[in-house]
Amino acid sequence: MNRIKALAALPCGRRSKWVVLALWLVLLVAAAPLSAKLTDAQNNEVSSWLPAEAESTKVINEQKDFRPDTTVPAVVVYERTSGLTPDDTKAIADDRAKFGTAKGVTNKVEDARFDPQNKAAQVLVPITIKAGGWNDLGDAVDALEESLKDNPDGLKSYVTGPAGLGADQAAAFEGIDGTLLYATLGVVVLILLFTYRSPVLWLLPVISAVAALFTAQAVVYVFTKAGLVVNGQSAAILTVLIFGAGTDYALLLIARYREELHRYEDRHEAMAAALFRAGPAIVASAATVGVGMLCLMAAEMQSTKGLGPVCALGVVVGLIAMTTLLPALLVIVGRWVFWPVRPAYEPDAITHDENGIWAKVGRQIARGPRLVWIVTAVILGVMTIGLTNLNGDGIANKDSFTDKPQSITGQEISERYFPAGSGDPIVVIGRESAATALMQTLQTTPGIAPEGVRRTGAANGRVQIEGVMSASPDSAAAKDTVKRVRTALHAVPDGAAKVGGGTATQMDVAKASEHDDKVIIPLILLVVLIVLGLLLRAVIAPLVLIATVVLSFAAALGISVFTFEHLLGFEGTDVGFPLFVFVFLVALGIDYNVFLMSRVHEESKKHGTRRGVLIGLSATGGVITSAGLVLAATFAVLGTLPIVAFAEMGFTVALGVLLDTFIVRSVLVTALGLDIGRKIWWPSKLAQHPDEDEPKAGGDGDREGVLVG
């Protein structure tokens, strides 16, 4: 115990606080240049997001044998509803010639195709992308659009296809790190100002969070050199996670520090006591999030697998910053930082507000806790009804943006006049000796346009064949076509065929996501259960807490699905949506139960469980509410991105956090704790502690002797 107290006192000692600050300054000087390199280290290639063993991923990898760089087709679509004029036809031919010399176009540009009514035309342009990934794609599409500017008036033109769609997605993520950083900083500052009502105090947790972010980005960058894959998704979530979770830890620590300043005249001793008391809850919370994130490494989806260690590293760095740098800064500046409401030294004062709103809520719940938790659980259960309309099959390209970029408009025009799959064909790779049989089988498969089947390359005894589907690539009909093609081509003797392409990739992603849901969700629940059991030294309490968080998750998902469908007009959800929401809500949402129940556990030793529940609620209510608002606001920032998948995830996680904060933690868990009573601590000795016990004499005796270095 004394060693733990000594460790808690280390960051805030009279001399050691300056050492801690100096170490962080040195660390930040070293981390800053590495942090700036993380964006360039991102790998946004298609194959880095997909399940490694999927058939479509293997096709993407084998395509490198036919060309050294990845080639993505752009479809340039022209339309004049009254009919193309001779000037239009000449302009299209001139454009085609320009496309051949445009940046990123290294292969032959195909001849223009015209629809039978001569109202539209399209040109397929192969764009080569190298190490720059999305950046190369965006530059190439910009070059194509520049070629279209001098076309005749009235001739509409759009760049669509996989390249056009990818460029619009890249534009949506452009500047994402800065946008998220500044937006997140803004909401955190506003909420901290409201929470502390101090013009100065908010600076310290923000400074600590920024330091944690830069350090975490540097650490993640170093790990990319060891093979860790980072993409735009994981980099964006890292920013949100550090500010959200890190600020939560800061709020809990500062709240406990303010309590201890009433008990201790010396601020160094007060901070040491605060770290000793609040430290286990903060560490348990970070461990829950970190280990929960590491569970993502069991995923088949490589984007999900890479997200796990990135977020885990971020949480660890955030924990270290908030338990070393923040305490050092707080004791360096002294009590005045709480101005205008400075905590005075009052050793006999009651530090939790017995007349505050949460104390009043607790007393109201205590009048009939069983009725309260039953009614609350039923209401949350009703909210889950929206899950019956959950469409987790993925979001079609045309529905993937919150606005309507030109690639989507172009896709709609292309599908109006040409085979819907012309811009995103099925890709088949098989043995060259069986090329004829593979092509004939592909041509006769229902859903394939026979004239759209062609041989596009051969290398190392392998052949590449492409086939145009009659259905839109992201439609259910196209997926059925891919299933038929795979069945037929796999049966070709000695063909060794693999079937890929955009539609096949969507199918393989959906299959991998279904696997990940079944494996990772139970794994995270088990990890959280173990961490809670170790923290609370009980079995019943962790089971109760997990049940409440899962119910909260289901309710948030149900309300969100209803909102997406009936209010926001979103069509479906991303295939990874349920898993990501579950991970963030369970791993992060459990924080508030950890903060509450660790305090209840502490107070129950002195006052009995029922009294301990009420004290715990009144003591932590304000800080948990503030923490919930911060975390919800930081995830809501994801909604500023014009990508439906991010908007949906940000909305649902923010909603779930608010449910956890204001309903699950404050009402449901409190009512369950009051109703179950001391049995909630079974099988620990605390389960035998009578609820009627008054505070033990000398219950605060271990305040003395907190070591200060």
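These are my notebook entries on one predicted model.

**Ground rules.** I number residues from 1 along each chain as its sequence is written. Since the model is predicted, local features need pLDDT of at least 70 and side-chain atom pairs count only at pLDDT 80 or more, while totals for chains, interfaces and linings use all residues; side-chain values use heavy atoms, with hydrogens and water left out.

**Overall form.** I looked up the fold elements. The protein chain has 21 helices and eight strands (DSSP runs numbered from the N terminus: helices are H or I with at least four residues, strands are E with at least two). Its radius of gyration is 30 Å, close to the 27 Å from the globule rule for 709 residues, so the chain is as compact as a globular protein of that length. I note that this radius is taken over C-alpha atoms, and the rule is 2.2 Å times the number of residues to the power 0.38. The C-alpha trace spans about 95 × 50 × 50 Å along its principal axes. Buried residues make up 58% of the 709 residues (buried is under 20% relative accessible area, exposed over 50%, partly exposed in between; 1.4 Å probe, protein chains only).

**Aromatic pairs.** I found five. Rings of Phe, Tyr and Trp (its six-membered ring) pair if their centres lie within 6.5 Å; planes under 30 degrees apart are stacked, over 60 edge-to-face, the rest tilted.

Tyr257 sits in helix α9 (residues 232-263) and Phe338 in the loop between α11 (302-333) and α12 (357-366), so the pair ties together parts 81 residues apart in sequence. Both residues are buried.

Phe564 and Phe577 pair edge-to-face, at 6.0 Å and 65 degrees. Phe564 belongs to helix α18 (residues 540-568) and Phe577 to helix α19 (residues 577-607), so this pair joins parts 13 residues apart in sequence. Phe564 and Phe577 are buried. I also see them in a cluster with Phe570 and Phe651, linked by ring pairs.

**Charge over a ring.** Arg665 lies over the face of Trp358, 4.8 Å from the ring centre. The test is NZ of Lys or CZ of Arg within 6 Å of the ring centre and within 35 degrees of the ring normal.

**Surface patch.** Ile374, Val378, Val382 and Ile385 make a nonpolar patch of about 350 Å². Patch residues have over 30% relative accessible area and no salt bridge; nonpolar side chains (Val, Leu, Ile, Met, Phe, Trp, Tyr) are joined within 5 Å, like charges within 9 Å. A salt bridge is a side-chain nitrogen of Lys or Arg within 4 Å of a carboxyl oxygen of Asp or Glu. Ile385 is in the loop between α13 (369-383) and α14 (406-417). Ile385 counts as exposed because its relative accessibility is 53%.

Technical notes: Accessible areas come from the Shrake-Rupley method with a 1.4 Å probe; for residues, only the protein chains shown count as cover.
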